[in-house]
Amino acid sequence: MKGKISALILAVIIGFVLVPPAFAGVTVGDNLTLFGDLRYRAEYDTRESKDRTRDRQRLRARFGAKYKVDDNWSMGFRFRTGDPANNGNSPHQTLGGGDPVSAGFDRAYIKYKAGPFSAWAGKIGRASCRERV
């Protein structure tokens, strides 16, 4: 038993060291940054207290860009799976089951910054709270 626990701990440590994050950011030229991430998850959930089994495949994909126009102006957008209009908290898409794939823009904005002052216009992320992902 002690050997199995040690092997599990070692596997978790190696996983954290060797597995890169699912986020990628690439700078194109001086002013354009492309970013995104992709996650696929297979879930199998049985609960003894309920008479149901949940077996599903989930996908989360996000892609965006930021463009710096000059020292004061910038703009950006992010496109993601899920339905930002109806369920802004969940970027996950359940695959299979005949449900249509939903996706949309959850960010599209322009920003002006001059010294300590900044102003945003458009659809932006929520800075004061953390998304449930």
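**Figure 1. Phe 77 and Ala 108 across strands β4 and β6.** Phe 77 stands opposite Ala 108 in β6. The model shown here and in the other views is predicted. Strand β4 covers residues 73–81, and its pairing with β6 is antiparallel, over 9 bridges. Strand β6 spans residues 103–114. Phe 77 has a relative accessible area of 29% and is therefore partly exposed.

**Figure 2. The hairpin of β6 and β7.** Strand β7 comprises residues 117–123 and pairs with β6 in the antiparallel sense, over 7 bridges. The two strands form a hairpin with 2 residues between them. In the turn, Gly 115 has a positive phi of about 65 degrees. Two facing positions can be picked out along this pairing: Ala 114 stands opposite Phe 117 in β7, and Lys 113 stands opposite Ser 118 in β7.

**Figure 3. Aromatic pair of Trp 73 and Tyr 112.** The structure holds 5 aromatic pairs. In the pair of Trp 73 and Tyr 112, the ring centres are 4.9 Å apart and the planes stand at 55 degrees, so the pair is tilted. Because Trp 73 lies in strand β4 and Tyr 112 in strand β6, the pair ties together parts that are 39 residues apart in sequence. Trp 73 is partly exposed, at 40% relative accessibility. Tyr 112 also counts as partly exposed, with a relative accessibility of 28%.

Figure 4. The ring centres of Phe 77 and Phe 105 are 5.8 Å apart, and their planes make an angle of 70 degrees, so the pair is edge-to-face. This pair links distant parts of the chain, with Phe 77 in strand β4 and Phe 105 in strand β6, 28 residues apart. Phe 105 has a relative accessibility of 46% and therefore counts as partly exposed. Phe 77, at 29%, is partly exposed as well. Ring pairs join Phe 77 and Phe 105 with Phe 63 and Phe 79 into a cluster.

**Figure 5. Asp 70 in the loop between β3 and β4.** Asp 70 is placed in the loop that connects β3 (53–68) to β4. With a relative accessible area of 37%, Asp 70 is partly exposed. Its side chain reaches the backbone nitrogen of Asn 72 at 2.8 Å. A polar atom of the Asp 70 side chain also lies 2.8 Å from the backbone nitrogen of Trp 73. Asn 31 is 39 residues away from Asp 70 along the chain, and the C-alpha atoms of these two residues are separated by 8.4 Å.

**Figure 6. Arg 78 and Asp 106.** Arg 78 is located in strand β4. The relative accessibility of Arg 78 is 9%, so this residue counts as buried. The side chains of Arg 78 and Asp 106 are joined by a polar contact of 2.6 Å. Across the chain, buried residues make up 18% of the 133 residues.

**Figure 7. Nonpolar surface patch including Ile 110.** Five side chains are shown: Tyr 67, Val 69, Trp 73, Met 75 and Ile 110 form a nonpolar patch on the surface. Together these residues have about 450 Å² of accessible area. Ile 110 is found in strand β6. The relative accessible area of Ile 110 is 40%, so Ile 110 is partly exposed. Trp 73, a member of the patch, is likewise partly exposed, at 40% relative accessibility.

**Figure 8. The chain as a setting for the close-ups.** The secondary structure of the chain comes to 1 helix and 7 strands. From the N terminus on, the elements follow the order α-β-β-β-β-β-β-β. Strand β6 pairs in the antiparallel sense with β4 and also with β7.

Terms used: Residues are numbered from 1 along each chain as its sequence is written. This is a predicted model: local features need pLDDT of at least 70, side-chain atom pairs count only at pLDDT 80 or more; totals for chains, interfaces and linings use all residues. Side-chain values use heavy atoms; hydrogens and water are left out. Patches are made of residues with over 30% relative accessible area and no salt bridge: like charges are joined within 9 Å, nonpolar side chains (Val, Leu, Ile, Met, Phe, Trp, Tyr) within 5 Å. Accessible areas come from the Shrake-Rupley method with a 1.4 Å probe; for residues, only the protein chains shown count as cover. A salt bridge is a side-chain nitrogen of Lys or Arg within 4 Å of a carboxyl oxygen of Asp or Glu. Helices (H or I, at least four residues) and strands (E, at least two) are DSSP runs, numbered from the N terminus. Buried means under 20% relative accessible area, exposed over 50%, partly exposed in between (1.4 Å probe, protein chains only). Two strands pair if DSSP finds at least two bridges between them. A polar contact is a pair of N or O atoms within 3.5 Å; within protein, one must be able to donate a hydrogen and the other to accept it, and residues adjacent in sequence count only if both atoms are side-chain atoms. Rings of Phe, Tyr and Trp (its six-membered ring) pair if their centres lie within 6.5 Å; planes under 30 degrees apart count as stacked, over 60 as edge-to-face and the rest as tilted.
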